[in-house]
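Hi everyone, thanks for coming. Let me put the model up on the screen, and then we can walk through a few parts of it together.

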There are 2 protein chains.
Amino acid sequence: VNQPFKQEKEITYFMCDRTNRLTLSMLVNILMDVSEKHSAYLGTGEEVVKGMGYNWIILHYEFQIEKIPKVNERVEIETIATEYNKLFTYRDFIVRGKDNNEIITVKTTFALMDLEKRKMARLPEEIIAPYQATFSKRIRRNTKPQPVDNERASQKVYSVRYFDIDSNNHVNNSQYINWLLDSMDGTFLATHTVKHGIITFDKEVNEEDTVTSSSSRRVANNSITDHQITVDGTIHATASFHWDTA
Amino acid sequence: VNQPFKQEKEITYFMCDRTNRLTLSMLVNILMDVSEKHSAYLGTGEEVVKGMGYNWIILHYEFQIEKIPKVNERVEIETIATEYNKLFTYRDFIVRGKDNNEIITVKTTFALMDLEKRKMARLPEEIIAPYQATFSKRIRRNTKPQPVDNERASQKVYSVRYFDIDSNNHVNNSQYINWLLDSMDGTFLATHTVKHGIITFDKEVNEEDTVTSSSSRRVANNSITDHQITVDGTIHATASFHWDTA
């Protein structure tokens, strides 16, 4: 049977925002770090995957956040590759805080990019087998964010910066999250935290791109916001977040 | 006598650039983290200092980099508060890599900001005594960066983003470093590493500011670059970096 993989992390000040809470982008960074360590432990780390001509991409996140950790807290991160089909593999994360309480769960969908063809690849047995995840033909229908209400949206434009690009030569996922949130009003961000969120990654953002980040609050429920990242009018990422007062 | 304080750090992928090398801004983040832990260990952590109406600010960094760590390396960071006078305290850092070799040394100048007056304060005995640093009347003359050559400078403009602001309510030092470097040519950055650097922080950058980052390579020695951050024509930070091919 497949084994979960666990690692402890300390929440340092540089992972936190002005309110000393872990940022969503740094949460993703530390989850991805544990995920990569899990793969390396199983002998299928980034270098092995790259050596076969692939890299992992993430298509979807779903966050359920009971309590966001604050600076100096120690958390335990558990991850497990739960299930896969010919194109996707599903990985769950559980973050535990003090007294071993579950404070965050995150469900993710990974796929393999063929580096030469720049297209998604069928998951090769050598890469997927070590996780001992369950094979299931079923392709999950991930919940999709709602479209941004353009009439009511606030919008900001960003040039990609040198340090936004990671070793896969495109913009790191965590940077999309900064753009998605930064388009919002600062006072709202400083007084609210995300309780639930979904993010889809639809297209890579490259070094020469100029991205537009738009967000709007729903009329029917103004504790929910919808977000999108576009490049030349094409959607590259979308998100919806459910907020609570901090 | 004053004791150095040490901590091990692992260089994770999110601390690295596209070439898998630790970024200068993340180096500063982890040094500051160790510095803060040293203070907390001595009972004069951020909360105590804030409770007295102050926070620490950094005025000057001088980096000497033999070898920049790469992803997955473990380093040991040692810090010691060496000396102080009525306004400044000097803190050194040594980063050691494999086989305990010194790979980076950093000299820093700290001062205390009076949060109410928004001015530098005399260092109170209660805050400075626990470090057991040496008192010396002498105020160091830190090496200053050379001015940017405006005729030959490349320049970029940045709006401050929500997540650039830290719990001291101004832009975190490490963000200045991203701006200072991002104004340079990407191909140069991808093929060179900093061997020596000096950075001065002259004025805070605030949330509503638009900053201009300019940099130029010296005519007399094109392995040295000079940098500045300005807001409305006023200099907020300067830097000079000596580069080597990566």
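Which residues have the most contacts inside the largest nonpolar core? They are A:Tyr61, A:Phe63, A:Ile199, B:Leu24, B:Tyr61, B:Phe63 and B:Ile199, in a core of 126 residues. By a nonpolar core I mean a set of buried Ala, Val, Leu, Ile, Met, Phe, Trp, Tyr and Cys residues joined through side-chain atoms within 4.5 Å. Buried is under 20% relative accessible area, exposed is over 50%, and partly exposed is in between, using a 1.4 Å probe and protein chains only.

A quick word on the ground rules. This is a predicted model, so to speak of local features we need pLDDT of at least 70, and side-chain atom pairs count only at pLDDT 80 or more, while totals for chains, interfaces and linings use all residues. Residues are numbered from 1 along each chain as its sequence is written, chains are lettered from A and ligands numbered from 1 in the order in which they are written, and side-chain values use heavy atoms, with hydrogens and water left out.

Let's start with B:Leu24. Setting aside residues up to four places away in sequence, B:Leu24 touches B:Phe63, B:Ile65, B:Ile177, B:Leu181, B:Val194 and B:Phe241; contact here means heavy atoms within 4.5 Å.

Now to strand β2 of chain B, residues 54–65. Helices (H or I, at least four residues) and strands (E, at least two) are DSSP runs, numbered from the N terminus. Of the 12 residues in β2(B), 10 are buried, so the strand is largely enclosed by the rest of the structure. What does β2(B) pair with? One partner is β5(B), residues 102–114, antiparallel over 11 bridges, with B:Ile65 opposite B:Ile104. Another is β9(B), residues 192–201, also antiparallel, with 5 bridges; there, B:Tyr61 has B:Ile199 as its bridge partner. Two strands pair if DSSP finds at least two bridges between them.

Helix α4(B) is next. Here 10 of the 10 residues are buried, so this helix too is largely enclosed by the rest of the structure. Among them are B:Asn173, B:Tyr176, B:Trp179 and B:Asp182.

β2(B) and α4(B) both come up again in the second largest pocket, where each supplies at least two lining residues, as do α1, α2, β4 and β5 of chain B. A pocket, on a 1 Å grid over the protein atoms alone, is an open set of points where a 1.4 Å probe fits, with protein on both sides within 12 Å along at least five of seven lines; lining residues have an atom within 4 Å of a point. Of its 41 lining residues, B:Trp56, B:Ile57, B:Ile58, B:Asn168 and B:Asn173 lie nearest the centre.

In helix α1 of chain B we find B:Ser35. At 5% relative accessibility, B:Ser35 counts as buried, and its contacts beyond four places in sequence are B:Arg91, B:Phe93 and B:Phe110.

Last, two loop residues. A:Phe163 sits between β8 and α4 of chain A and is partly exposed at 23%. Which residues does A:Phe163 contact, leaving aside neighbours within four places in sequence? They are B:Asp17, B:Thr23, B:Asn178 and B:Leu181. B:Gln146, in the loop between β7 and β8 of chain B, is partly exposed at 42%. B:Gln146 and B:Ile198 are 52 residues apart in sequence and 9.9 Å apart in space, C-alpha to C-alpha.
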